[in-house]
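Reader: I would like to learn how to read a model like this one. Where do we begin?

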Amino acid sequence: MFNMILQIIEATIDNVYRKYKHMMTELSYLILKDSQLAEDNVQESLIRINNNLSKMDDLESSRSKNYIYTIVKNSALNMLEKRKDDLRAYNNPDIVENLPDRITSYELHDEYGFSEEVSLTLSELSEKDKDIIVFRYAYGLSFKEIGKTLDMSASGVLARCKRIEKDLRKSLVMRGEQ
Amino acid sequence: MMSVGNKANEVLKTYAGGLAQLRINYVNNYLLLTAGAEESFVPRKVHRLPVKKIVIIAAVLVMLFAMFIAVSSGAGLNLFKAKVTEESNHYDVELTEEIEGGSFLAIKYIPKGYECCDVERIGEVGLIVTYVNKDEEYLFIQESKDNGVYQSIDNETTTKHDGVAGDTEVQYYVDKVNNGIIALFVKNDIYFSINGHISEEEMNEIINNL
């Protein structure tokens with residue numbers, strides 16, 4: 001029985017690797033700019049994903065794809081921070097502006113139809129804030145689930161959510177969008 | 001007409017949907033490009049310490065821990081045992097003691113002007129009570145029976161302090177820029193985290209009135 005469970009777990013993480021290896025390597029390289037570090041990051045990320053396999057109900061689901069993307073991205077940013085103490089990886093424009101999920105304030109204003117104030121507020125959010133918003137507002141995860149995924153406490157996630165909402169309400173009021 | 005709160009909610013949903021879709025597109029593009037080029041995952045070998053060394057290290061740690069307990073238990077304090085690692089822009093705080101988990105404690109003191117606006121239960125092991133004042137400043141008090149508690153605290157504007165409130169050892173982080181405090185401590189075998197725009201005196205009052 002135990003061996004059977006072990007085989008299922010191995011099969012699942014093997015499937016993740018088979019399916020997403022190239023994307024994980026490319027995303028890691030985009031942030032780390034080093035092939036060896038990128039490979040190390042893929043291994044690190046797989047270990048983390050393996051520890052949270054319960055979140056991977058269906059490998060094809062958009063939630064799983066977002067989960068894998070977030071784990072790989074954050075793991076790479078953490079690795080960069082640890083290797084270069086002086087570099088604030090999470091806030092370094094050279095890195096975050098090249099990420100594939102970047103939406104500029106110009107796009108927010110012109111394509112999404114948000115006011116300039118709202119667009120500016122959203123475009124100034126940190127990478128961690130963006131992760132929280134995706135999990136909370138696109139997938140409806142609880143604060144605890146988000147905290148576990150992002151290595152934060154539930155109250156930390158809640159505090160960030162409230163701050164984002166407050167900043168956004170200020171921008172809306174400033175614009176008179178009531 | 002839609003309220004500001006609802007409007008903010010709508011904006012965040014739209015933005016979250018856009019971000020999620022960009023991430024999915026990126027992943028899907030790679031799945032299309034690399035279809036058929038699949039490899040199996042071979043985990044790397046991990047270097048392990050010899051068993052003898054592990055036993056010696058464990059024995060030394062147990063002795064140190066026993067000495068620490070013997071010294072500290074005389075003080076009658078609710079100790080706060082945590083490992084704090086300072087990274088470039090945040091502290092990683094990891095609770096290093098086992099929590100047996102007593103009953104959640106009632107919060108008997110709330111700073112002036114605050115009122116309760118939300119109570120979130122996290123299964124049987126967690127509780128987050130949120131208070132808000134008229135300036136929309138929030139105060140979060142979290143109680144947790146969960147072991148392996150981990151907290152990430154920005155250190156760009158905060159400074160770490162160690163103190164004692166009554167019979168409780170408290171580690172707190174003062175954010176002078178945003179005028180806030182994050183306080184961490186263990187009482188009644190429950191891990192507490194207080195996060196809000198409060199003074200050190202108000203923090204002590206909350207801890208002493210649990």
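Author: We begin with one residue. A:Ile95 is found in helix H4 of chain A, residues 93-96. Keep in mind that this is a predicted model.

Reader: Is A:Ile95 buried or exposed?

Author: Look at the relative accessible area. A:Ile95 has 9%. Buried means under 20%, so A:Ile95 counts as buried.

Reader: How far is A:Ile95 from A:Leu30, in sequence and in space?

Author: The two are 65 residues apart in sequence. From C-alpha to C-alpha, the distance between A:Ile95 and A:Leu30 is 8.0 Å.

Reader: How should I read a nonpolar core?

Author: Start from the general idea. In soluble globular proteins, nonpolar side chains tend to be buried together. Here the largest nonpolar core has 31 residues. Those that touch the most other members are A:Val16, A:Tyr20, A:Met23, A:Met24, A:Ile49 and A:Ile68.

Reader: Which helices each supply at least two residues of this core?

Author: In chain A they are H1 (2-32), H2 (35-51), H3 (62-83) and H4.

Reader: What does A:Tyr20 touch?

Author: Leave out residues up to four places away in sequence. A:Tyr20 then touches A:Leu59, A:Lys65 and A:Ile68 in chain A, and B:Val27 and B:Leu31 in chain B.

Reader: Now the strands. In which sense do S1 and S2 of chain B pair?

Author: Strand S1 (residues 82-86) and strand S2 (residues 90-95) of chain B are antiparallel, with five bridges. B:Lys83 stands opposite B:Glu94 in S2(B). A hairpin of three residues links S1(B) to S2(B).

Reader: And how is the size of an interface given?

Author: It is often given as the accessible area lost when the parts come together. Chain B and chain A bury about 5600 Å² between them. Of that area, 63% is on carbon and sulfur atoms. The contact takes 66 residues from chain A and 55 residues from chain B.

Reader: How many salt bridges cross the interface of chain B and chain A?

Author: The rule finds two. A:Asp131 and B:Arg23 also meet through their side chains in a salt bridge, at 2.8 Å from N to O. Six residue pairs are in polar contact across the interface of chain B and chain A.

Reader: Which element gives the largest share of the side of chain B that touches chain A?

Author: H1(B) does, with 23 residues.

Methods: Residues numbered from 1 in each chain as written. Chains lettered and ligands numbered in written order. Predicted model: local features only at pLDDT ≥ 70, side-chain atom pairs only at ≥ 80, totals over all residues. Heavy atoms only, no water. Helix = DSSP H or I, 4+ residues; strand = E, 2+ residues; numbered from the N terminus. Buried < 20%, exposed > 50% of the residue type's maximum accessible area, 1.4 Å probe, protein only. Core = buried A, V, L, I, M, F, W, Y, C linked by side-chain atoms within 4.5 Å. Contact = heavy atoms within 4.5 Å. Pairing = 2+ DSSP bridges. Buried area = accessible area lost by both parts, 1.4 Å probe. Salt bridge = Lys/Arg side-chain N within 4 Å of Asp/Glu carboxyl O. Polar contact = N/O pair within 3.5 Å; in protein donor to acceptor, adjacent residues only side chain to side chain.
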